[in-house]
Amino acid sequence: MGEIHPETLLTTPLDGLHRELGARMVPFAGYAMPVQYKGGILAEHAQTRTHAGLFDVSHMGQAEVRHPDGVAAAARAFEALVPGELQALKQGQIRYTLFTNAAGGILDDLMVTNAGDRLYVVVNAACKAQDFAHMQANLAGCELTILEDRALLAIQGPEAAKVIARLAPEAADMPFMTAKAFALGGIPVWASRSGYTGEDGYEISVASAEAEALARLLLAEPEVEAAGLGARDSLRLEAGLCLYGSDIDTATTPIEAGLKWVIGKRRREEGGFPGAETILTQLAEGAGRSRVGLRLEGRQPARAHSEIVDADGNVIGEVTSGGWGPTVEAAVAMGYVKSAFAQPGTAVGCLVRGKALKAEVVPMPFAPHRYFKG
Amino acid sequence: MAKIYFSEDHEWISVEGGVGTVGITEYAQEQLGDVVFVELPETGANIDRGDDVAVVESVKAASEVYSPVSGEIVEINEELADAPGLVNQNAEGDGWFFKIALSDDSELDELMNREDYAAFIEGLE
């Protein structure tokens, strides 16, 4: 267990609330963050799958990108850094995309929204300083505004929409991967129909000064309980979603990671993003290794860095995320294997303390996505 | 009448008639959080004091459990295979891990009684 050194850790605007709610605080990406509250990770996971969980994700980086010629010009400039088709985004539409490097590796994953007169961008906490420097240096003709004074709350779960609709009826029919401005209990927010759990829900950007009032407002609703980073991790694992730094990094390409869907159709033809040569070659010819889902036979989890072996015990890859899947009631993992072993149904083993746990390559997500498509 | 001892690694051992029942303490289960799997030793295994004899997997991480004494494993808690949550519900009762026939009773002298262990964990906070 990590030591907490409050003097060196940053805090989010909800720090006092977390402590009041009995959170266990841990260091994460330079911040003191709640890993769990009193109920524990399994209860918070179940709460989010059946009702709604409220997560503080204020440590993530939020920014806006403007161009004097408008949002289309900002999108065009941004496309120089990512393989996503951003110019096609209509107002209020969000795209999941990747910052790639010249070798085709992944520098970070991020969300980009066409917010009308600007792009709204959310990046990972651990990468944000580097991402913002990358954007500042390479977004030609754009103005970057880092939103230091905004918090980010995620309400996730099948009852999240009911809660939000009660407070803001106009937000009810927003489809998955769209965003707009509205007010919750008089508090102005910029909210996205999106998340990191596989469930329906919203990610809500709010002024730091009003974040605690908003969190309390949402927690007062009967469907909502606070949930920490522990549940966030088990939920995203079951949803088959990548964690940057574990499942994707500079040593993995979008094709190896099974993220070829992030490469827009026009971008496949035109290229023009970092690492395009490598990535488009792999897109055409396949990559030597592939990210796969693994379901273990028993209850024992195989965690990150566990080696994956074939039936003869030869090492064919490595687990990048793994643990107990509370909803699927099985130990599940994701990792990279040589592409010859990536077919669902392939029997493999995961080495844990010298023993090969039996596992099978399975399609992801492990728990079905339940997004609101409108 | 069984007598209970505690280790600095947060195991407890309740000894009666030369056999000790071993588990992790209430404090340890609280620190670990939800337990999802326990890897237990094999019955018949001979182990030395301090050996890593079991592994507790919580949602977050795997933690090793060290044997507080030397001896032979005579029974394991089969219930934990399907119900690892017993460790959270009743760490110092139904959530026991294994029973060990002690080979050297004097090793118990180096463990703590309940009062000393309470003071020990107080000092950790």
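No disulfide turns up in a search of the whole structure, over all chains; a disulfide here is a pair of cysteine sulfur atoms within 2.5 Å. A:Cys127 is accordingly in no disulfide, and the nearest cysteine sulfur, that of A:Cys242, is 13 Å away.

The model is predicted: local features need pLDDT of at least 70, side-chain atom pairs count only at pLDDT 80 or more, and totals for chains, interfaces and linings use all residues. Residues are numbered from 1 along each chain as its sequence is written, chains are lettered from A and ligands numbered from 1 in the order in which they are written, and side-chain values use heavy atoms, with hydrogens and water left out.

Buried means under 20% relative accessible area, exposed over 50%, and partly exposed in between, with a 1.4 Å probe and protein chains only.

| Residue | Relative accessible area |
|---|---|
| A:Thr12 | 6% |
| A:Cys127 | 6% |
| A:Cys142 | 18% |
| A:Glu238 | 0% |

A:Thr12 is found in the segment before α1 (15-20) of chain A. Helices (H or I, at least four residues) and strands (E, at least two) are DSSP runs, numbered from the N terminus. The side chain of A:Thr12 makes a polar contact with that of A:Asp56 at 2.6 Å. A polar contact is a pair of N or O atoms within 3.5 Å; within protein, one must be able to donate a hydrogen and the other to accept it, and residues adjacent in sequence count only if both atoms are side-chain atoms. Leaving aside residues up to four places away in sequence, A:Thr12 touches A:His18, A:Tyr31, A:Met33, A:Asp56, A:Ser58 and A:His59, where contact means heavy atoms within 4.5 Å.

**Helix α7**

Helix α7 (residues 229-238) of chain A is largely enclosed by the rest of the structure, because nine of its ten residues are buried. The buried residues include A:Leu229, A:Leu235 and A:Leu237, and also the charged A:Arg232, A:Arg236 and A:Glu238. The buried residues of α7(A) pack against the strands β1 (24-28), β2, β3 (52-56), β16 (315-325) and β17 (330-338) and against helix α2 of chain A.

A:Glu238 lies in this helix. Not counting residues up to four places away in sequence, A:Glu238 touches A:His45, A:Arg49, A:Gly325, A:Pro326, A:Thr327, A:Val328, A:Pro365, A:Phe366 and A:Ala367. After α7(A) comes A:Gly240, with a positive phi near 70°.

**Interface of chains A and B**

In chain A, 14 residues are in contact with 17 residues of chain B. About 1,500 Å² is buried between the two chains, and carbon and sulfur atoms give 50% of it; buried area is the accessible area (1.4 Å probe) that two parts lose on being put together, summed over both. A:Arg299, A:Arg303 and A:Arg353 supply 40% of the area that chain A buries against chain B, more than any other three residues.

Four salt bridges are counted between chain A and chain B, a salt bridge being a side-chain nitrogen of Lys or Arg within 4 Å of a carboxyl oxygen of Asp or Glu. One of these joins the side chains of A:Arg24 and B:Glu30 (3.7 Å, N to O).

On the side of chain A that touches chain B, β2 (31-36) and α2 (41-50) each supply at least two residues, and α2(A) gives the most, with three. By class, that side has seven nonpolar, three polar and four charged residues. Ala, Val, Leu, Ile, Met, Phe, Trp, Tyr, Cys and Pro count as nonpolar, Asp, Glu, Lys and Arg as charged, and the others, Gly among them, as polar.
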